[in-house]
Amino acid sequence: MIATAERPVRTGPNPLHGMLLAGGFPLFLGAALSDYAYFTSFNIQWATFSSWLIAGGLVFCGFALICALIGIFRPAGSRGLSILYFVLLLVTWVLGFVNALVHARDAWAMMPTGLTLSVVVAVLAFAAIWIGFTSRKSGGYS
């Protein structure tokens, strides 16, 4: 008698990748909200908060981008979604970096563009989380 064990195949993001992916969105969302607070109150401290939140979001998004790049080369059936997910994270990181450069200007000079970029980056980060967690199913047997 031969006993064989079937292991479930995990095709979703690993826990570290999931933590890094989920960590960027609240930071980018906080940056958009603090930009809105600066837009309504003109208190310069909100612009500083936004700059720091964008920097933190770029760190999380950068490490998630590295994990997504590694995930492209994993043997999985949904390689097209993995590439789309990687490209979406890359666009999020690049626009977040441009947003950080806009926020590095004087507080009065960054306002209309900074708020718009912060909202766009937050929406892109949410879309990346959505695709990253729902595109690949977890479980199943090989």
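Is W130 buried or exposed? W130 is exposed, because its relative accessible area is 54%. Here, buried means under 20% relative accessible area, exposed means over 50%, and partly exposed is in between (1.4 Å probe, protein chains only).

A quick note before the close-ups: this is a predicted model, where local features need pLDDT of at least 70, side-chain atom pairs count only at pLDDT 80 or more, and totals for chains, interfaces and linings use all residues. Residues are numbered from 1 along each chain as its sequence is written, and side-chain values use heavy atoms, leaving out hydrogens and water.

**View 1. F42 and W108, one ring pair.** The structure has seven aromatic pairs. Rings of Phe, Tyr and Trp (its six-membered ring) pair if their centres lie within 6.5 Å; planes under 30 degrees apart are stacked, over 60 edge-to-face, and the rest tilted. F42 and W108 count as stacked because their ring centres are 5.7 Å apart and their planes sit at 20 degrees. The pair links distant parts of the chain, 66 residues apart: F42 is in the loop between α1 (15–41) and α2 (44–72), and W108 is in the loop between α3 (79–103) and α4 (111–134). Helices are DSSP runs (H or I, at least four residues), numbered from the N terminus.

**View 2. How open F42 and W108 are.** F42 is partly exposed at 45% relative accessibility, while W108 is exposed at 54%.

**View 3. F126 and W130 on helix α4.** With ring centres 5.9 Å apart and planes at 50 degrees, this pair is tilted. F126 and W130 are four residues apart in α4, so about one helical turn separates them. F126 is partly exposed, at 41%.

Key. Helices (H or I, at least four residues) and strands (E, at least two) are DSSP runs, numbered from the N terminus.
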